[in-house]
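Dear colleague,

Please find below the structure that I am handing over to you. My notes on it follow.

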Amino acid sequence: MLTVPFISSMPSAAALADALHALANPARAAQLKRFFKTGPGQYGEGDQFLGLDLPQQRLLARQFRELPLAEGEQLLGSPWHEFRQTGLIIWTLQFAKAGPAGRQAIHEAYLRNRQRVNNWNLVDITCPLLLGTYLMDKDRSLLYELAAEDQLWSQRMSIVSTLAFIRKGQFADTFALAEQLLHHRHDLIHKAMGWMLREVGKRSPEALEEFLADHARQLPRTALRYAIEKLDPVRRQLYMAR
């Protein structure tokens, strides 16, 4: 049975830090450091892990879901990956229940701290809600600004945030941002782009193929392979043979 330490005090960053350290697993931490590419010159260079799994962090996040926003920002300043991840999960829980003012405060805190949202898992569990859902009824130029930044995680945020729009049948921003990132060199952007295009194709194969008619030859191979994953086998073979 999955357990986490019982916390009886008022939620605070310090109390959550103690709970996270109590669950540290050095052997798993070593595996996570390899998985998230923390070596010299790799995209997660220097990140530190305690070795918690995601279910443990989600349980703690639910227990600390009343954590004040400023305390959450303290967690994002930590060198420990699980501190940042658990803090971000708390923000997603709070955002889902918040009113307009609360959502705006979380959204703005997220943007202020986006340099600490510094691996693909941290981006992917947060930006569809804290950026995409927040921008659903607002000007979306922020996503194009993020895509233009010379920063890998901001660029991944820009395209992955459109998952919120895709779920509502809105594909234009996904296509426009994919065009903006079309010649990006990093495979983490290729994978994100292909993932979002695949999500479009699951809902509208016609819309996806209309986009591919103009861009399939320019799409990075990985992005194309992801994008066409749900098409029928004959169509997949045709695209991959181009």
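**Findings**

His215 lies in helix 14 (residues 205-215); helices are DSSP runs of H or I with at least four residues, numbered from the N terminus. The model is a predicted one, in which local features need pLDDT of at least 70 and side-chain atom pairs count only at pLDDT 80 or more, while totals for chains, interfaces and linings use all residues. Residues are numbered from 1 along each chain as its sequence is written, and side-chain values use heavy atoms, with hydrogens and water left out.

His215 counts as buried because its relative accessible area is 14% (buried means under 20%, exposed over 50%, partly exposed in between, with a 1.4 Å probe and protein chains only). Not counting residues up to four places away in sequence, His215 touches Glu179 and Leu182 (contact means heavy atoms within 4.5 Å).

Asp173 belongs to helix 12 (residues 172-180). Its relative accessibility is 14%, so Asp173 is buried. Leaving aside neighbours within four places in sequence, Asp173 is in contact with Arg140, Tyr144, Thr162 and Phe165. With Arg140, the contact includes a polar one between the two side chains, at 2.8 Å (a pair of N or O atoms within 3.5 Å; within protein, one must be able to donate a hydrogen and the other to accept it, and residues adjacent in sequence count only if both atoms are side-chain atoms).

Finally, Leu143, Leu146 and Ala147 of helix 9 meet Ser154, Gln155, Met157 and Ser158 of helix 10.

Yours sincerely

Definitions and conventions: Helices (H or I, at least four residues) and strands (E, at least two) are DSSP runs, numbered from the N terminus.
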